[in-house]
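Have a look at the picture first, then read on.

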Amino acid sequence: MAKKPKKQQQSGGTPATVALSSAGVDFTVHSYDHDPSHPSYGEEAAEAMGVRADRVFKTLVADVDGALTVAVVPVSGSLDLKALAAAVGGKRAAMADPALAERTTGYVRGGISPLGQRKRLPTVLDDSAKAHETICVSAGRRGLEVELSPGDLAQLTGAVLAPIGRG
């Protein structure tokens, strides 16, 4: 069972860590040296932190019927676009243009956090997150993750929980 993370105050942190500190929730920041040649940002984070991949979640930005939507799914699987569309009452979903995702969230690809985005987007968190006391998501840059409870993440992002991850 995972340890309860300790609240960590960030001065001059990323928008994600500043948002967490401002909200007063418990969280832990994990940093590691990012290897640009690694084929998967999420799997690299899990390996570097020594955390099971089903507890490390990636943040993906999709276009659902013309509206950007954030999907947060385990790095050990993939996003089910049909399930994402259904979760927000849409019909069709496709991955968003990476440059548009970066401009809209204020983060770079591989470091997009569901927290502290420049423009708050509708968010869907894969319901497998409920199986864990804490999960890890990007803290807003490559090589930086934040660990927090799935309930706190859902509350702070206004996320809907739904089965949007595959395998």
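Contact here means heavy atoms within 4.5 Å. Keep that in mind, and remember that this is a predicted model.

Ser 149 sits in the loop between strand E8 and helix H5 (150–157). Leaving aside residues up to four places away in sequence, Ser 149 touches Glu 133 and Thr 134. Is Ser 149 buried or exposed? Its relative accessible area is 17%, and buried means under 20%, so Ser 149 counts as buried.

Now for the sheet that E8 belongs to. Strands of a sheet pair through backbone hydrogen bonds, either parallel or antiparallel. Which kind of pairing does this three-stranded sheet have? The pairing is antiparallel, the sheet is open, and the strand order is E1-E8-E7. E1 and E7 are the edge strands, each pairing on one side only. On average, and ignoring direction, neighbouring strands in this sheet are turned by 35° against each other.

Here are the strands with their residue ranges:

| Strand | Residues |
|---|---|
| E1 | residues 28–31 |
| E8 | residues 144–148 |
| E7 | residues 135–141 |

Zoom in on E1 and E8: they run antiparallel and are joined by four bridges. Across this pairing, Ser 31 stands opposite Leu 144 in E8.

Finally, a note from the records. An unreviewed UniProt entry annotates residues 43–155 as "domain: YbaK/aminoacyl-tRNA synthetase-associated". In the model, that span is 25% helix and 33% strand, and its end C-alpha atoms lie 26 Å apart.

Key: Residues are numbered from 1 along each chain as its sequence is written. This is a predicted model: local features need pLDDT of at least 70, side-chain atom pairs count only at pLDDT 80 or more; totals for chains, interfaces and linings use all residues. Side-chain values use heavy atoms; hydrogens and water are left out. UniProt positions are given in the numbering used here, feature names are shortened, and annotations may be inferred rather than shown by experiment. Helices (H or I, at least four residues) and strands (E, at least two) are DSSP runs, numbered from the N terminus. Two strands pair if DSSP finds at least two bridges between them. Axes are lines fitted to C-alpha atoms, for helices over the stretch in contact, and angles run from 0 to 180 degrees between N-to-C directions. Buried means under 20% relative accessible area, exposed over 50%, partly exposed in between (1.4 Å probe, protein chains only).
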